Amino acid sequence: MLSKALLRLGAGAARHPWRVIAAWLVAATLAVLAAVAFGGRNADSMTAPGLDSQRAAELIERAGTGQEGMTAQVVVTPLDGAATFFGHGGARTALARLQTEVDGLPHVLGTSDPAGALDAGGDAAVRGGLVSADGRVAVVRVQYPDQNRLSAEDLDALVDLGDRLRAELPLRIEMGGGLFYAFSDPGGGTSELIGLLAAATILFLAFGSLVAAALPIGMAVFGLTVGVATMTVLAGVTDVPTFAPILGSMVGLGVGIDYALFVLARHREYLAGGLDPREAAGRAVATAGRPVVFAGGTVVVSILGLAVANVPFMTVGGLAVSIVVLIMVVASVTLLPAFLGAAGPRLGRAGRIGRIGRIGRIGRTLQARNPGRLTRRGDPAAGAAPAPRWRGGVRPLSRPPVPLPVGAAGLLLTATLPVLGLRVGLPDDGSLPHSRTERRAYDLVAEGFGPGTNGPLVIAADPAGDPGVVDRIVGAVTADPGIASVAPTHIDRATGIATLVVFPTTSPQDKATADTIARLRADVLPTAIGPGPARAHVGGAAASLSDVGRRTSQRLPVLVAAVLAMSFLLLMLGFRSILVPLKAVLLNLLSIGAAYGIMVAVFQWGWAGALIGLEATVPIVSFIPMFLFAILFGLSMDYEVFLLSRVREEYQRTGDNRTAIVEGVSGTARIITSAALIMVAVFLSFAIANDPSTKMFGLGLATAIFIDATVVRMVLVPATMTLLGRANWWLPKWLDRMLPRGPVGTDETGGTEDTDAESTGGAPRPRLADR
């Protein structure tokens, strides 16, 4: 049924290409206009219901202290190396002017006044954390209202003021804080361009045709435009995290070009068989389009599974990325066949297949020599038979166990070992490059006041009628070894709620800070409060990020179990087997585990971090492991379906397991390698971005895809399937009768049962279970 629907859809688009292309142009234009008119700014809201930090924020909001809003800080030091703010010269006068001008910016509720505190006495300024003990560093803390009432214009106004004052005052002025985190542009445009250029190069080498290389790129750009614009409209309704557009672009480009590659390769094969271009496009969508729909749907469902974390920004971020993937799937079965129909027979000319990679002895320049003859079914190159060298490289793996697969499995297990030291958190401004003002402000604050000043904690306490509880809390917190200092307590007269700003001795991303937060909650505060009704909660940015990290770590096993169960069920339905999906699930876990281990080695241990511009070791961003698992398991299904369906087809045709493995793997190896190279190139282009989170996404995705498409698909899959023999396709008869026919069908690379019958005029092949 799906094949027939896709056949009609693809053939219709190919017969009326300009109508379809015009419809996509209209859709893209409307999406961009809607984004401009109704779109919002991406913003991070690192909160979640039920967390202690969220309860602290609710108490602070009740008290109306203003500390529940957005903050920024302006950090200054005299340009004259001998000057300090303790004197009454130009440095203090410049500091007073800076504070006055910052206080006058739109939406600023108030600022700290280090110059005024110095006028009242240097000791007061130092105790209040406004001026460093040596008088060289001063901080103007800026209080804004809630993030929902702010926009990027507020950040622009602050930055513009700093640029102007740098030219007028004898001060070095740096800026940072939550306002930058929420509204600064994380970039990604350069990475997208690099990824597109790399993908275009690989496509040209694979097809030897500029036209053939341009079509997947054009389709991906169309889809990405509509997807990102739709994401912007979503940001006008709810908080879409700042990483969502970058991750959406990364995944969207990868899967979009990949899916287009599968359809385009199949289209060229049909053209080589002498079919009319429009009919070839319809057949290509009917055959290659099925695994595209299946794999894309799996990616979408996997990412939407992030909702199990019960962290709103992850749920919304997953929804935004899923929209981009879904649009790419729709483009692959509508816009791409329109492009193919418009291109006509030019795509049928067999191009030179370039050197696209090596796996052992595999990979040599290939030339399709018989463009007018339809060759073996399932081969992705136009008119080219499966390469003998691919077959020769796979054949040794189809014999009983050899050192190569054993060594490959051992290598992946070794790469997984660093996961045991995985530490989640959120990189602070100290992990940004020195070219960013946030990093320079961070370093100045750490130098002048200590590292913990960059990540203050906010303790909110409701005395509930106990007059002495606040003093006990202040005393207990001050005595804790993890706390460097405590700012003066603010008590709201109307509600009695007290707020304490405390500064840890360690930096926000340091594990010791998380330990301090846990100790305050588990021991210090309960002891100080006693058995009465009073309550106290620890909040602030550092506490919120620590809480989110702990929750995602706790919910990750739930997501893993759900995705594994879904993948196993879908593969079992598609391939009528128990052991094939079980093997696929285990090998996918192995490749993802290895990718996690490499991320730990690079980002936490610093191994080869300089190669991607990492200037300091950082913890793994708390939500990235969960995001990566959802995305990677969906993407790995793409290659799994493509490879296994060809192997199963050959097994049905020959009844010989070893022959099926050799022919199936060699017949799909080239296109899997090409597709994987494209994804790796796109993902690696994001690994060189400035933001550490973007680097993690890029490196993690690129590593996992590379391992999955090479070591797993080309080495471990043929070896394990050889060991299993005929048991690969075993399914109890009672279970076979109970299960509905799967969504994949028997032949994703070479055709489906429906389209085989239509194209040959004969009956479809019998299913294995019917033999």
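This is a predicted model: local features need pLDDT of at least 70, side-chain atom pairs count only at pLDDT 80 or more; totals for chains, interfaces and linings use all residues.
Planes under 30 degrees apart count as stacked, over 60 as edge-to-face and the rest as tilted. Local features need pLDDT of at least 70 and side-chain atom pairs 80 or more, while totals for chains, interfaces and linings use all residues. Residues are numbered from 1 along each chain as its sequence is written, and side-chain values use heavy atoms, leaving out hydrogens and water.

**Stop 1: the phenylalanines**

Select Phe 243 and Phe 623. Their ring centres are 4.7 Å apart and the planes meet at 20 degrees, so this pair is stacked. Phe 243 belongs to helix 11 (residues 243-272), and Phe 623 to the loop between strand 13 (620-621) and helix 23 (624-654), so the pair ties together parts 380 residues apart in sequence. Helices (H or I, at least four residues) and strands (E, at least two) are DSSP runs, numbered from the N terminus. Both Phe 243 and Phe 623 are buried, meaning under 20% relative accessible area; exposed is over 50%, and partly exposed lies in between (1.4 Å probe, protein chains only).

With Phe 623 it makes an edge-to-face pair, 5.3 Å centre to centre and 80 degrees between the planes. Phe 313 lies in helix 14 (residues 312-333) and Phe 623 in the loop between strand 13 and helix 23, so here the linked parts are 310 residues apart in sequence. Phe 313 is buried too, as is Phe 623. To see the whole group, select Phe 243, Phe 313, Phe 623, Phe 627 and Phe 697, which ring pairs link into a cluster.

**Stop 2: Ser 132**

Next, go to the loop between helix 6 (122-127) and strand 3 (138-143), where you will find Ser 132. With a relative accessible area of 1%, Ser 132 is buried. Its side chain makes a polar contact with the side chain of Asp 134 at 2.5 Å. A polar contact is a pair of N or O atoms within 3.5 Å; within protein, one must be able to donate a hydrogen and the other to accept it, and residues adjacent in sequence count only if both atoms are side-chain atoms.

What does Ser 132 touch, not counting residues up to four places away in sequence? Show Phe 86, Val 126, Val 137, Gly 448 and Phe 449; contact here means heavy atoms within 4.5 Å.

**Stop 3**

Select residues 498-504, strand 11, in which seven of seven residues are buried. Ala 498, Leu 500, Val 502 and Pro 504 point one way, Thr 499, Val 501 and Phe 503 the other.

Now bring in the neighbouring strands; two strands pair if DSSP finds at least two bridges between them.

- Strand 8 (residues 457-462) runs antiparallel to strand 11, joined by five bridges; Ala 460 has Thr 499 as its bridge partner.
- Strand 9 (residues 483-486) pairs with strand 11 in the antiparallel sense over three bridges, with Ser 485 opposite Phe 503.
- Strand 10 (residues 490-491) is also antiparallel to strand 11, through two bridges; Ile 491 is partnered with Ala 498.

Finish this stop at Gly 496: in the hairpin of strand 10 and strand 11, with six residues between the strands, this glycine takes a positive phi near 80 degrees.

**Zooming out**

Show the entire protein, with its 27 helices and 13 strands. Of its 771 residues, 59% count as buried.

Conventions. Rings of Phe, Tyr and Trp (its six-membered ring) pair if their centres lie within 6.5 Å; planes under 30 degrees apart count as stacked, over 60 as edge-to-face and the rest as tilted.
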